[in-house]
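Subject: Structure handover

Dear colleague,

Please find the structure below. My notes on it follow.

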Amino acid sequence: MTPGEPAAGEASRHAEAVDADDGARGATATVSGRKSVLRRMARFGFLAVALGFGAWAVAGQWRAVADGLGRLSWGLLAGSLVAVLGALGAGMMMWRALLADLGSPLRAVDAAKVFFVGQLGKYIPGSLWPVLAQMEMGRDLGVPRPRSAAAFFLTYPVYLATGVLVAAATLPVFAGGSVARYAWLLALLPLLVAGLHPKVVNGVLGLGLRLIRRPPLERPLSRRGVLASAGWALAGWVAYGVHLALLAWGLGATGAEAAALSTGAFALAWCLGFIVVLAPAGAGVREVAMIAALAPVLDQGPAIAAALCSRLLVSAGDLVCAGLAGIAAKVTMRWTPSTEPDHLHDASRNSRDCTHGSGQ
């Protein structure tokens with residue numbers, strides 16, 4: 001055996017090891033690629049189904065609101081829709097504030113895509129589609145699924161507490177006896193406010209995660225996070241009030257009283273629709289409460305038209321927000337440079353070439 005034979009054998013074994021490693025990486029990449037394709041197909045399927053149900057919801061309400069829409073000017077309708085978009089944007093910022101406080105801050109454009117596209121899931125039969133969609137899309141941005149779920153479910157008590165607060169601050173003064181049947185909601189306000197204390201929230205979240213055998217959240221909710229989310233929720237209620245007030249003014253209401261009543265009416269309607277779980281998405285319950293709250297400024301016919309037009313515009317706003325968020329995300333992705341400089345790609349490629357070259 002010559003002195004060069006062991007070196008040649010070692011080089012051959014090294015080359016075989018490199019080839020085996022490359023083969024394993026190739027197989028892993030193939031499996032990963034297939035999973036990526038399947039995940040993308042599932043997302044496109046979800047989006048197509050959600051958009052279909054959303055469009056169907058808008059079209060299904062068209063006949064019911066056609067007469068009311070005919071009495072409203074295009075300017076008022078456009079202004080009301082813009083107010084809806086502002087309210088939905090405030091809702092997204094509320095969710096984003098909760099998520100950031102739990103440890104996953106997101107850029108506004110990324111948060112908008114996850115939130116608004118995920119929200120389209122509420123038009124698909126079944127109540128878990130929005131949270132499942134947000135968990136899946138949030139994972140691509142490094143957000144753990146339990147954290148996404150926690151932020152999603154926390155939006156409801158925040159909306160409920162602030163909504164009851166807004167209704168209590170406006171309706172007893174301006175609506176009087178027309179909403180007396182809903183006075184029992186006031187008894188919930190102290191419980192809701194106490195339930196938003198960080199110690200209570202974190203305790204409930206911890207218990208829930210233990211019950212489903214998940215690790216606790218890495219970062220608990222803070223008082224600052226609760227206050228920030230509540231502030232965005234209140235801004236959303238004001239925007240919804242402007243949205244409904246524009247419709248009420250166009251249908252015959254007058255004065256600033258209509259604006260205050262509209263804000264309280266929308267908040268009351270949403271809270272009742274959430275609490276009365278027997279009605280899907282609050283259907284019917286919200287409209288009855290809204291009509292009762294608007295009674296001091298609108299007769300029953302125009303009030304019904306306002307309530308139905310409001311539901312239609314909110315559904316349209318969901319579709320518009322999802323579309324704008326998707327476009328903004330694509331534009332941002334196209335114009336945002338890679339976070340890894342080109343010379344790092346070149347260095348990595350050269351390193352791999354040297355490794356393969358040493359085994360030849």
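In helix α4, the buried residues are Pro-130, Val-131, Ala-133, Gln-134, Met-135, Glu-136, Met-137 and Gly-138. Buried means under 20% relative accessible area, exposed over 50%, and partly exposed in between (1.4 Å probe, protein chains only). Helices (H or I, at least four residues) and strands (E, at least two) are DSSP runs, numbered from the N terminus.

This is a predicted model, in which local features need pLDDT of at least 70 and side-chain atom pairs count only at pLDDT 80 or more, while totals for chains, interfaces and linings use all residues. Residues are numbered from 1 along each chain as its sequence is written, and side-chain values use heavy atoms, with hydrogens and water left out.

Overall, the protein chain has 12 helices and zero strands. Of its 360 residues, 42% are buried. Among contacts (heavy atoms within 4.5 Å) with a separation of 6 or more, 77% are between residues 24 or more positions apart.

Back to α4: eight of its 11 residues are buried, so the helix is mostly covered, given the under 20% cut-off. Gln-134 lies in this helix, which spans residues 129-139, and has a relative accessible area of 1%. Leaving aside neighbours within four places in sequence, Gln-134 is in contact with Trp-95, Val-114, Phe-115, Gly-118, Gln-119, Ser-148 and Phe-152.

Trp-129 is also in α4, but is partly exposed at 39% relative accessibility. Together with Leu-128, Leu-132 and Phe-153, Trp-129 makes a nonpolar surface patch of about 400 Å². Patches are made of residues with over 30% relative accessible area and no salt bridge; nonpolar side chains (Val, Leu, Ile, Met, Phe, Trp, Tyr) are joined within 5 Å, and like charges within 9 Å. A salt bridge is a side-chain nitrogen of Lys or Arg within 4 Å of a carboxyl oxygen of Asp or Glu. Areas come from the Shrake-Rupley method with a 1.4 Å probe, and for residues only the protein chains shown count as cover.

One backbone point: Arg-213 has a positive phi of about 60 degrees although it is not a glycine. Most residues other than glycine have a negative phi. Arg-213 sits in the loop between α7 (198-211) and α8 (223-250) and is exposed, at 79% relative accessibility.

Regards
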